Amino acid sequence: MTGVLPVALEESTKVVQALLLSGKEYICAMRLHHSMPEEKVETVLNEFQGKIYQRPPVRSSVKRRLRVRTIYYLDFLEMREKHVLFRVGCESGTYIRKLCFDIGEVLGCGAHMQELRRTRAGPFTESEGLVTLYDLLYYVSECQETGNKESLREIIYPMEKALELLPKIFIRDSAVAAVCHGAYVTAPGVLSIETGTKKKDGVVIFTQKGEAVAFARALASSERILNMDHGFVAKTVRVLMDRNVYPKMWSMSSST
Amino acid sequence: MQGINAPWKIKRKLLVKAEEKTDAQYGCRPEERPIKDYVRLGVINLDKTSGPSSHEVTAWVKRILTIAHAGHGGTLGASV
């Protein structure tokens with residue numbers, strides 16, 4: 001299986017938790033065990049859109065109990081004899097090998113996954129900045145020759161890229177250090193917030209310069225937060241930024 | 001059954017609560033980080049080849065860049 005595999009470096013490994021839970025898109029080649037009319041295959045593929053039940057395959061790294069997974073879209077691309085090509089957008093934790101098997105069961109002819117290429121993992125896509133291990137090796141050896149590492153910027157994204165699809169809360173400079181030390185995000189510290197956040201949703205706290213500060217859990221909806229003038233807005237879950245980037249602004253008690 | 005939007009098809013708008021100037025003295029835009037920090041806080045959109053496991057590929061990235069930590073987002077099986 002080939003395709004998009006985001007790799008987080010050093011400190012940014014903290015953001016993989018967001019990528020693990022993000023949706024994926026694949027191009028899949030499936031082989032039917034008997035010939036089937038094209039219209040029938042298309043109809044059955046359509047039926048697999050929406051919420052499906054799936055029991056993880058025998059060879060899997062999770063408990064094998066029936067789970068519900070969402071198939072966002074499943075587009076038939078082409079078909080030649082027993083080979084079917086489709087594109088699928090799905091929730092994380094969907095097994096495509098199992099999806100092919102189940103499609104085969106519904107068709108009645110049986111089927112299995114022949115080849116798979118991931119074309120998207122969360123915000124990372126096949127069409128934007130995808131590099132192979134060979135590319136990476138080329139850039140690194142070039143850097144070693146010239147002694148200038150600047151060209152690495154062409155193949156590495158800032159970790160903020162990995163957080164692109166999550167709802168964001170932007171905060172004041174003066175609130176950054178406190179959140180870096182694990183404090184709750186408070187209403188006066190909030191400058192702006194993206195729509196579509198509900199209570200208990202995971203959000204990402206950002207500075208005005210677009211730097212990720214922390215993962216947090218919203219304590220109210222985006223619309224409520226907009227109208228709050230005091231109190232906690234989000235609970236910091238995981239700090240992403242170094243603690244010493246912004247100055248501490250909170251008052252310390254005078255007694256030592 | 002249809003109509004469940006993929007996360008990458010959801011459009012979000014920004015609701016502004018207050019405005020303030022940011023102090024250029026502290027922090028910087030992610031793209032402008034010094035190269036050392038840029039790599040330390042970086043992610044590579046890697047095209048995995050078939051054969052090695054996601055874990056092995058990650059280990060190679062670590063070796064090529066001579067860094068101590070790297071982690072991948074979402075396992076892609078080895079075979080085929």
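1. In this predicted model, Tyr53(A), Leu66(A) and Val68(A) together make a nonpolar surface patch of about 320 Å². One of these residues, Tyr53(A), belongs to strand β3 of chain A, which covers residues 50-54. Tyr53(A) counts as exposed because its relative accessibility is 60%, and the cut-off for exposed is over 50%.

2. Arg69(A) sits in strand β4 of chain A, residues 67-80. Arg69(A) is buried and has no salt bridge.

3. What does the side chain of Arg69(A) reach at 3.4 Å? It is the backbone oxygen of Gly93(A). A polar atom of the Arg69(A) side chain also lies 3.1 Å from the backbone oxygen of Ser92(A).

4. Leaving aside residues up to four places away in sequence, Arg69(A) touches Gly50(A), Lys51(A) and Ile52(A), and also Glu91(A), Ser92(A), Gly93(A) and Thr94(A).

5. Helix α5 of chain A runs over residues 173-180 and is largely enclosed by the rest of the structure, because six of its eight residues are buried. The buried residues are Asp173(A), Ala175(A), Val176(A), Ala177(A), Val179(A) and Cys180(A).

6. Which strands are included in the cover over the buried residues of α5(A)? Among them are β9 (168-171), β10 (185-186), β13 (212-218) and β14 (232-239) of chain A. After α5(A) comes Gly182(A), with a positive phi near 100°.

Conventions. Residues are numbered from 1 along each chain as its sequence is written. Chains are lettered from A and ligands numbered from 1 in the order in which they are written. This is a predicted model: local features need pLDDT of at least 70, side-chain atom pairs count only at pLDDT 80 or more; totals for chains, interfaces and linings use all residues. Side-chain values use heavy atoms; hydrogens and water are left out. Helices (H or I, at least four residues) and strands (E, at least two) are DSSP runs, numbered from the N terminus. Buried means under 20% relative accessible area, exposed over 50%, partly exposed in between (1.4 Å probe, protein chains only). Lys and Arg count as positive and Asp and Glu as negative; His and the chain ends are not counted. A salt bridge is a side-chain nitrogen of Lys or Arg within 4 Å of a carboxyl oxygen of Asp or Glu. A polar contact is a pair of N or O atoms within 3.5 Å; within protein, one must be able to donate a hydrogen and the other to accept it, and residues adjacent in sequence count only if both atoms are side-chain atoms. Contact means heavy atoms within 4.5 Å. Patches are made of residues with over 30% relative accessible area and no salt bridge: like charges are joined within 9 Å, nonpolar side chains (Val, Leu, Ile, Met, Phe, Trp, Tyr) within 5 Å. Accessible areas come from the Shrake-Rupley method with a 1.4 Å probe; for residues, only the protein chains shown count as cover.
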